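Please keep the sequence and the 3D view at hand while reading.

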Amino acid sequence: NIAHLGDVFIATSVIPVLKSAYPDCKIGFICGSWAKEIVQHPMIDQIYFVDHWKVNRSNLSIFKKVIHYLRTKKKAIKQIKQEQYDVAVDLYYYFPNTIHLFYKAKIPIRIAYSSGGFKPFLTHFLDWKNEDKHVSLYHAELLKFLPIEKGCFSKLQSIIDEKLLPKSKSQEDYVIFHIGAGDSNKEWSEDKWKELADKMLSKGYKIVFTGKGYHENKKISAIIGIKKNCLNYCDKLNYLITEMVKINILYATNEMEGT
């Protein structure tokens with residue numbers, strides 16, 4: 001999954017399923033370099049970086065983004081060829097994807113949704129349909145092309161390396177609300193965030209809001225208002241990772257339709 005952080009984090013939910021079905025398998029993960037820290041986990045053996053120009057949010061010109069993308073793609077293909085993987089699954093159902101990369105790397109079984117393009121390069125595919133379910137369940141559907149026992153799918157859960165979280169005596173439970181979106185059309189309204197926050201606060205959780213930039217900081221401040229047990233960590237993500245200890249992540253993204 002070469003999209004942004006939220007997409008990559010949710011995509012890691014298939015890793016425990018695969019490890020449960022095939023304990024001795026070797027797993028490689030392709031992502032953008034911006035998602036490096038998310039996929040650094042004992043269950044993932046190799047990480048390959050492909051920075052596609054369309055999802056690259058750096059300050060490079062579009063020309064330099066394209067050149068950088070071609071270089072990272074070429075390098076990843078060379079590295080992946082050497083490992084001789086048996087199966088490749090692309091977990092992003094929009095453009096861009098890594099389907100053509102799978103083909104160039106000569107991976108024999110190539111699985112993905114056809115909605116992101118490059119369908120002719122797939123050996124197995126599904127037609128994506130918008131349904132009222134969590135994104136991770138779309139990922140699970142792709143794994144059903146493989147001989148995996150039904151019970152293994154109970155392991156479907158995003159992963160995070162616990163070594164990133166320092167030890168502490170604190171046992172407080174936090175909920176993280178990441179309110180931002182790359183496209184403003186995907187953003188939830190302040191009223192919906194307030195409603196969700198009230199539900200979590202009523203259950204005894206503390207809420208940590210994350211985001212980036214002036215716009216999201218202003219929105220977080222408006223959502224919090226006079227609420228207690230809410231922390232604004234906009235533009236402080238690195239600090240959050242080093243300071244938070246026990247995190248129960250109810251991943252309240254802007255794409256949790258029907259949740």
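## Salt bridges and surface

Lys-133 counts as partly exposed because its relative accessibility is 23%, where buried means under 20% relative accessible area, exposed over 50%, and partly exposed in between, with a 1.4 Å probe and protein chains only. Its partner in a salt bridge is Glu-131, with 3.2 Å from N to O, and Glu-131, at 40% relative accessibility, also counts as partly exposed. A salt bridge is taken here as a side-chain nitrogen of Lys or Arg within 4 Å of a carboxyl oxygen of Asp or Glu.

The model is a predicted one, in which local features need pLDDT of at least 70 and side-chain atom pairs count only at pLDDT 80 or more, while totals for chains, interfaces and linings use all residues. Residues are numbered from 1 along each chain as its sequence is written, and side-chain values use heavy atoms, with hydrogens and water left out.

A search of the whole structure gives 6 salt bridges, including those in the table.

| Salt bridge | N to O distance | Relative accessibility of Lys | Relative accessibility of Glu |
|---|---|---|---|
| Lys-26 and Glu-83 | 2.7 Å | Lys-26, 42% | Glu-83, 30% |
| Glu-131 and Lys-133 | 3.2 Å | Lys-133, 23% | Glu-131, 40% |
| Lys-219 and Glu-187 | 3.5 Å | Lys-219, 7% | Glu-187, 22% |

The side chains of Lys-26 and Glu-83 meet in a salt bridge. This pair links distant parts of the chain, 57 residues apart, with Lys-26 in the loop between helix H2 (14-21) and strand S1 (28-31) and Glu-83 in helix H3; helices (H or I, at least four residues) and strands (E, at least two) are DSSP runs numbered from the N terminus.

Lys-219 forms a salt bridge with Glu-187. Because Lys-219 lies in helix H7 (residues 213-224) and Glu-187 in the loop between strand S6 (174-178) and helix H6 (190-202), the pair ties together parts that are 32 residues apart in sequence. Lys-219 counts as buried, whereas Glu-187 counts as partly exposed.

Helix H3 (residues 62-83) also holds Phe-63, which counts as exposed at 60% relative accessibility. Together with Trp-53, Ile-62, Phe-95 and Phe-118, Phe-63 makes a nonpolar surface patch of about 500 Å². Patches are made of residues with over 30% relative accessible area and no salt bridge, nonpolar side chains (Val, Leu, Ile, Met, Phe, Trp, Tyr) being joined within 5 Å and like charges within 9 Å.

As for the cysteines, the search of the whole structure finds 0 disulfides, a disulfide being a pair of cysteine sulfur atoms within 2.5 Å. Cys-31 is buried at 0% relative accessibility, and Cys-230 is buried with a relative accessible area of 14%.

Definitions and conventions:
Areas by Shrake-Rupley, 256 points an atom, 1.4 Å probe, with all protein chains shown as cover.
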